[in-house]
Amino acid sequence: MSEPIPMPRIELPPGLPSAAVIDLDAIADNVRALRSHAPKAQLMAVVKADAYGHGLVPSARAALAGGAAWLGTAQITEALALRAAGIQAPVLSWLTVPGDRFQQAIQQNIDLGVSAGWALTEIAAAAREAGTPARVQLKVDTGLNRNGCTLDDWPQLIEDALKLQAEGLISVVGAFSHFVSADAPGDPVNVEQLANFVAALDQAHTAGARFEVRHMANSPATLTNPAAHFDLVRPGLAVYGLSPLAGREPAEFGLRPAMNLLGRVTNVKKVAAGQGISYGHTYTTGEDTSVAVIPLGYGDGIPRHASSSGPVQIAGQQYRIAGRVCMDQFVLDLGPAGLDKIEAGDTAVLFGSAAGQPSAQDWADAAGTINYEIVTRVAARVPRLYVSDQR
Ligand SMILES: *Cc1c(COP(=O)(O)O)cnc(C)c1O
């Protein structure tokens with residue numbers, strides 16, 4: 001019999017008003033689980049936007065420890081931060097602007113996503129300056145109508161890219177696209193986009209392109225659409241243990257949430273029946289009650305849209321926000337027995353990974369948004385603390 005594996009301790013250290021405690025083992029385990037959903041493909045862990053709020057570098061390292069072969073960022077600055085931290089794994093950065101830091105990206109061996117001719121021109125010029133060929137991955141728009149080269153412009157982009165490759169200025173190493181509605185697996189647009197992507201790959205192949213990696217699958221496609229896996233899957237949200245599919249729990253896919261958002265009760269007091277709470281008195285107490293003040297507000301990324309609805313657990317019991325979320329704090333109505341059960345200094349769990357705790361999805365439901373936004377918007381004022389049982 002093997003020893004039970006101790007769970008890392010998710011707690012708010014003394015004296016801190018709040019923290020986002022990030023379980024790095026969850027990130028590594030989630031990557032392992034995602035690889036088992038796409039066993040024939042490599043995995044690129046998407047770590048854009050500070051790893052969806054979880055902290056760029058520690059999250060990236062944990063994803064690599066779990067078997068990610070690649071890292072993906074939106075902006076070049078994010079990719080450069082990975083290199084500055086000493087991370088040498090392959091990195092793709094796909095959202096660039098004219099005048100971007102292409103030369104630094106090339107010098108740091110960062111693959112550049114290209115959606116338009118202007119980027120090829122600028123990247124080729126930067127490669128000439130750097131004296132090193134740029135690694136380029138071409139992005140084709142198969143239906144999202146966001147970034148990516150249109151299907152009409154694709155043959156020209158391929159031709160221009162192969163010409164620059166022949167000149168030794170770039171290496172065309174990948175082709176990729178992005179789904180419209182992978183979170184709705186039955187939507188026919190998924191089939192249409194896949195067909196468009198395969199046709200675009202065929203066109204590129206006929207023109208002479210030989211890609212190391214072809215990729216299209218975000219988290220929901222990684223979990224539900226094996227036909228979309230190609231050489232590489234590109235999940236973000238699922239790496240952090242959240243479900244990208246409405247009504248499906250992370251555990252159904254072998255995932256567990258990595259972020260635990262904790263706050264410390266700063267004040268508990270009595271409030272009489274019929275009193276309004278917080279700005280505008282939008283919430284009125286129904287009875288003689290007690291309230292707790294939690295030092296997290298929209299300045300910390302708590303959505304103001306979660307006023308009078310966001311769930312919070314203290315000492316195993318769940319409460320809801322009473323009245324408006326303010327910049328630095330919100331109030332919970334604890335009911336009449338609150339003063340006996342809860343005191344200043346207790347830990348409040350806004351969302352966490354333990355059974356029965358509210359989830360980022362619950363907050364998304366309360367605020368009329370998606371779980372992606374709930375974790376990503378946690379502000380810099382909230383310290384990220386990391387736990388792991390790996391040594
Ligand atoms: C953000 C992003 C992803 C990851 O999407 P998830 O839904 O979080 O898995 C993948 N590819 C691209 C191009 C993205 O912008």
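Let's start with the overall layout: the centres of domain 1 and domain 2, taken over C-alpha atoms, sit 38 Å apart. Keep in mind as you look around that this is a predicted model. Along the protein chain, domain 1 covers 24-240, and domain 2 covers 259-387.

So where do the two domains meet? Ten residues of domain 1 are in contact with eight residues of domain 2. The size of an interface is often given as the accessible area lost when the parts come together. Here, domain 1 and domain 2 bury about 870 Å² between them, and carbon and sulfur atoms account for 62% of that area. On the domain 1 side, three residues stand out: Tyr 52, His 54 and Leu 237 supply 51% of the area that domain 1 buries against domain 2, more than any other three residues.

What about polar and charged links across this interface? Three residue pairs are in polar contact between domain 1 and domain 2, while the count of salt bridges between the two domains is zero. If you'd like to find the domain 1 side by its helices, look at α1 (24-37) and α2 (48-52), the elements that each give two or more residues to the side touching domain 2. Sorted by class, that side has six nonpolar residues, three polar ones and one charged one.

Now turn to the ligand. Which of the 14 residues around the ligand come nearest? They are Lys 48, Tyr 52, Ser 219, Gly 236 and Tyr 372. Zooming in, a polar side-chain atom of Lys 48 is 2.7 Å from an oxygen atom of the ligand. Tyr 372 also has a side-chain N or O atom 2.6 Å from a ligand oxygen. With Leu 237, a polar atom of the backbone lies 2.8 Å from an oxygen atom of the ligand.

Last stop: charge pairs. Side chains of opposite charge can pair when their charged atoms come close. The whole structure has twelve salt bridges. One of them joins Arg 32 and Asp 29, with the closest N and O atoms 2.5 Å apart. These two residues are three apart in helix α1, so about one helical turn separates them.

Note on methods: Residues numbered from 1 in each chain as written. Predicted model: local features only at pLDDT ≥ 70, side-chain atom pairs only at ≥ 80, totals over all residues. Heavy atoms only, no water. Domains from an automatic or database assignment. Contact = heavy atoms within 4.5 Å. Buried area = accessible area lost by both parts, 1.4 Å probe. Salt bridge = Lys/Arg side-chain N within 4 Å of Asp/Glu carboxyl O. Polar contact = N/O pair within 3.5 Å; in protein donor to acceptor, adjacent residues only side chain to side chain. Helix = DSSP H or I, 4+ residues; strand = E, 2+ residues; numbered from the N terminus. Nonpolar A, V, L, I, M, F, W, Y, C, P; charged D, E, K, R; others polar. Near = heavy atom within 4 Å.
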